[in-house]
Amino acid sequence: MSYLEWFETHANKHHRIVQKLGAQKYTKEMMIDYFLFDNMVEKEPDFCLLYATKQKCHPLKELNCYLCACPNFRFNDEGLSVEKNITCKSQCSIHSKKSGVFVYENVSHLDCSACSVPHTKAYINKHFDVEWKKIMQKCLVTSPKAENSQ
């Protein structure tokens, strides 16, 4: 699955959950709390593949999945850059010291598993929008040269 396919599929899953919660008159705070890992594993098992084994993607006690993916994640399935025959398809826009990279078949991918930036209630509260794609709008880089020059 490409980054873009995952992005669109996830946006749709997120939208369905938020619409359901909105219809039940959930407040912003209630929505954020709903997305706590343990609750999501129980009530929304199809939201994440890791939920089947109750495995967290980040080692946080209070992992919040509202921003599954990070607003600082940048991707382009065609590649953001090429260096030494390695195509970089994703990177961190804030260059987090906790982010890493892994290379598979000459393609480098961002490894965010050690970073907790978007998975805390405080961060989500600050960047909250019921439209996940609005929060994540800068993730898809359509012009890698423009992104790399910023």
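Trainee: Which residues have the most contacts inside the largest nonpolar core?
Mentor: In this predicted model, the largest nonpolar core has 33 residues, and those with the most contacts inside it are F35, F47, Y51, Y66 and L67.

Trainee: And which helices and strands supply at least two residues of this core?
Mentor: Helix 1 (3-23), helix 2 (28-34), helix 3 (37-43), strand 1 (73-75), helix 4 (121-127) and helix 5 (132-135) each supply at least two residues, and the largest share, 6 residues, comes from helix 1. The core also draws at least three residues from each of domain 1 (1-70 + 116-131) and domain 2 (71-114).

Trainee: Take Y51, then. What is Y51 in contact with, leaving aside its neighbours within four places in sequence?
Mentor: With those neighbours set aside, Y51 is in contact with F37, M40, V41, E44, P45 and C65.

Trainee: Let's switch to helix 1. How far apart are its end C-alpha atoms?
Mentor: They are 30 Å apart, which agrees with what one should find, because 21 residues at 1.5 Å a residue should span 30 Å.

Trainee: Which residues of helix 1 are buried?
Mentor: The buried residues of helix 1 are Y3, F7, H10, A11, H14, I17, V18 and L21. Because they cover an arc of only 140 degrees around the axis, they lie on the same side of helix 1.

Trainee: What do the buried residues of helix 1 pack against?
Mentor: They pack against helix 2, helix 3 and helix 5, and also against strand 1, strand 4 (90-92) and strand 6 (107-111).

Trainee: Which residue follows helix 1 with a positive phi?
Mentor: That is K25, whose phi is positive, near 65 degrees.

Trainee: New topic: how many salt bridges are there?
Mentor: The count comes to 3 salt bridges. In one of them E8 pairs with K133, with the closest N and O atoms 2.7 Å apart, and this pair links distant parts of the chain, since E8 is in helix 1 and K133 is in helix 5, 125 residues apart.

Trainee: Are E8 and K133 buried, exposed or partly exposed?
Mentor: E8 counts as partly exposed because its relative accessibility is 30%, and K133 counts as partly exposed at 37%.

Trainee: Why does E44 count as buried?
Mentor: E44 counts as buried because its relative accessibility is 12%, and the cut-off for buried is under 20%.

Trainee: Which side chain does D33 meet in a salt bridge?
Mentor: The side chain of D33 meets that of K121, at 2.6 Å from N to O. D33 is in helix 2 and K121 is in helix 4, 88 residues apart, and the pair links distant parts of the chain. D33 is partly exposed, with a relative accessible area of 34%, and K121 is partly exposed with 37%.

Notes
Residues are numbered from 1 along each chain as its sequence is written. This is a predicted model: local features need pLDDT of at least 70, side-chain atom pairs count only at pLDDT 80 or more; totals for chains, interfaces and linings use all residues. Side-chain values use heavy atoms; hydrogens and water are left out. A nonpolar core is a set of buried Ala, Val, Leu, Ile, Met, Phe, Trp, Tyr and Cys residues joined through side-chain atoms within 4.5 Å. Buried means under 20% relative accessible area, exposed over 50%, partly exposed in between (1.4 Å probe, protein chains only). Helices (H or I, at least four residues) and strands (E, at least two) are DSSP runs, numbered from the N terminus. Domain bounds come from an automatic or database domain assignment. Contact means heavy atoms within 4.5 Å. The expected span of a helix is 1.5 Å times one less than its number of residues. The arc is that of the directions from the helix axis to the C-beta atoms. A salt bridge is a side-chain nitrogen of Lys or Arg within 4 Å of a carboxyl oxygen of Asp or Glu.
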